[in-house]
Amino acid sequence: MDIAAAIIDLLGQRAASASLCPSEVARALRPEPGDWRPLMQPVREAAAALARENRIVITRKNATLDPDDPGPGPVRLRRGPGFP
């Protein structure tokens, strides 16, 4: 299971200005009901690695977050300047 590839794939299926919730990635990887929650931390870690490479950005509302310290609360994933 390549979580980073799933993030890139899901973002690539959307408009360039669109975003996605990390839970959408987890649910896409584990579509069985109730089975996706354990993937949330690995999805956030993969998103942070992609953000460090400038392939995506992690946001809350309209603010770009530090991938190493996004703080608590919901986040969104968007295409970054180095998006494939």
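**Note on the predicted model**

1. Lys61 is exposed, at 73% relative accessibility. This residue lies in the loop between β2 and β3 (63-64). The phi of Lys61 is positive, near 55°, in a residue other than glycine. The model is predicted, and these values should be read as such.

2. Asn54 also has a positive phi, about 65°, although it is not a glycine. Asn54 belongs to the loop between α3 and β2. With a relative accessible area of 44%, Asn54 is partly exposed.

3. In strand β2 (residues 56-60) we find Thr59. Thr59 has 4% relative accessibility and therefore counts as buried, the cut-off being under 20%. Leaving aside residues up to four places away in sequence, Thr59 touches Thr64, Leu65, Val75, Arg76 and Arg78.

4. The largest nonpolar core holds 22 residues, and those with the most contacts inside it are Ile7, Val25, Val43, Ile56, Ile58 and Leu77. Two or more residues of this core come from each of α1 (3-12), α2 (22-29), α3 (40-52) and β2. The largest share, 6 residues, is from α1.

5. Not counting residues up to four places away in sequence, its contacts include Ile7, Ile8, Leu11, Ala47, Leu50, Ala51 and Leu77. Ile56 also touches Arg78, Arg79 and Gly80.

6. On aromatic residues: a search of the whole structure gives 0 aromatic pairs. The ring of Trp36 does have the charged end of Arg27 over it, 4.1 Å from the ring centre.

How values were computed:
Residues are numbered from 1 along each chain as its sequence is written. This is a predicted model: local features need pLDDT of at least 70, side-chain atom pairs count only at pLDDT 80 or more; totals for chains, interfaces and linings use all residues. Side-chain values use heavy atoms; hydrogens and water are left out. Helices (H or I, at least four residues) and strands (E, at least two) are DSSP runs, numbered from the N terminus. Buried means under 20% relative accessible area, exposed over 50%, partly exposed in between (1.4 Å probe, protein chains only). Contact means heavy atoms within 4.5 Å. Rings of Phe, Tyr and Trp (its six-membered ring) pair if their centres lie within 6.5 Å; planes under 30 degrees apart count as stacked, over 60 as edge-to-face and the rest as tilted. A charge sits over a ring if NZ of Lys or CZ of Arg is within 6 Å of the ring centre and within 35 degrees of the ring normal. A nonpolar core is a set of buried Ala, Val, Leu, Ile, Met, Phe, Trp, Tyr and Cys residues joined through side-chain atoms within 4.5 Å.
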